[in-house]
Amino acid sequence: NELFVGGYGGIPNLTKLDSVTFEQIISSQAVATSVFSVESLATDKDYVYSGDQFNNRILKIDKSSFTTIVSSYGSLGAGTSNFNLIGQIALDDANLYVGDIDNHRVKVHRKSDLEFVRSFGQLGLHTTSFHLPTGVAVDGDAGVLYVANDGGAFNIQKLNKETGEFLLDSKMDLDTYGEPSLAVDERYIYVAYRSFSPDIRWLELVLEKRDKNDLRILDKQIIRPEGVTTVSVSTFVYEGDISLSGDYIYMVFTDDANKNGTWYLQKRLKRDFSIVKELVSTTRIGTVSFNETAYKPSRKTLKETLGTSGDYIQVKFSEGAALDNNIKLYNQAYKISQEELR
């Protein structure tokens, strides 16, 4: 139930929230953005990996201590050891995949020590090129890398994660700087970006569910605060990246383009994008991350002899009727055992 948030409360920090209640568990604050400024996050079982945009470097932070930077890598530039505006970070079992936005490439770094492995792309509109690659997602089991370009072709590219070989692409409905973000699970790829409303009066937030094999759109909805169905004149802006966990999508946005308005952290169902929970804040919420790797819940097998009396057995296996129980019944079976009369 650990949800990681960067820039929580409008200050440079890394904060852990309870994913059910959104209550703060712990926070590690920097004295200034020059120390670190977390603008993108990816997490695995043991570590939080962060894009420190102010210092153009990636950080590896111990989840247990929460204050220990295990290692850091990078500086401003265009070489193999450099970044120029870090975008979304994705990960598989061995590597990090980092959108290096203003260098128009995706860099691959080892998770173990953050050292450079390889990079894909350069500025251009060809199948092997990128133009402001803000969104990155990796499907480790399928060997596929997904990249969302915020400029030029305004598309999502599907590539071989080892070689960068082009496999497929699909257009996004981008007509402005939309800062697209990606997330992938076992069946779908989820795409978040902002785009002008049909009458070009305001910016809307778009959330798409696509088939991860052929990239066709399966569901597309406009994202707004809970209870808001229509707007007259307004502007909504995504902040940071979307993240997945189990049945849920997490996202952050604000209702002011200058980022001086109200901030929203939302938890939505993957199934139909309906809202499960919303946190409203008057101070900035930077970005959000759950475990980027395929989420598999822990399973526990319980075998218990039930003492019976009368004709019925009653078993309680879950708490309450909310969407967000910590315990779910996976399977159950009863075996009637004969006993010798004594």
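Mentor: E162 counts as partly exposed, because its relative accessibility is 44% (buried is under 20% relative accessible area, exposed over 50%, partly exposed in between; 1.4 Å probe, protein chains only). The model is predicted, so local features need pLDDT of at least 70 and side-chain atom pairs count only at pLDDT 80 or more, while totals for chains, interfaces and linings use all residues. Residues are numbered from 1 along each chain as its sequence is written, and side-chain values use heavy atoms, with hydrogens and water left out.

R118 pairs with E162 in a salt bridge, with closest N and O atoms 3.0 Å apart (a side-chain nitrogen of Lys or Arg within 4 Å of a carboxyl oxygen of Asp or Glu). The two residues are 44 positions apart: R118 is in strand β13 (residues 116-120), and E162 is in the loop between β16 (155-160) and β17 (166-171). Strands here are DSSP runs of E, at least two residues, numbered from the N terminus.

The side chains of E239 and R284 also meet in a salt bridge, at 2.6 Å from N to O. This pair links loops 45 residues apart, E239 between β22 (237-238) and β23 (243-245), R284 between β26 (275-281) and β27. E239 is buried because its relative accessible area is 5%; R284, at 21%, counts as partly exposed.

Salt bridges with shared partners join E2, K16 and K63 into one network. Within this group, the closest N and O atoms of E2 and K63 are 4.0 Å apart. E2 is in strand β1 (residues 2-6), whereas K63 is in the loop between β6 (57-62) and β7 (69-73), 61 residues away. The relative accessible area of E2 is 34%, so E2 is partly exposed; that of K63 is 15%, so K63 is buried. The structure holds 19 salt bridges.

With a relative accessible area of 13%, D185 is buried. The D185 side chain reaches the backbone nitrogen of Y188 at 2.7 Å. That side chain also makes a polar contact of 3.1 Å with the side chain of Y190 (N or O atoms within 3.5 Å, one able to donate a hydrogen and the other to accept it; residues adjacent in sequence count only if both atoms are side-chain atoms). Leaving aside residues up to four places away in sequence, D185 touches D139, Y190, K212, L244 and K270 (heavy atoms within 4.5 Å).

Note on methods:
Helices (H or I, at least four residues) and strands (E, at least two) are DSSP runs, numbered from the N terminus.
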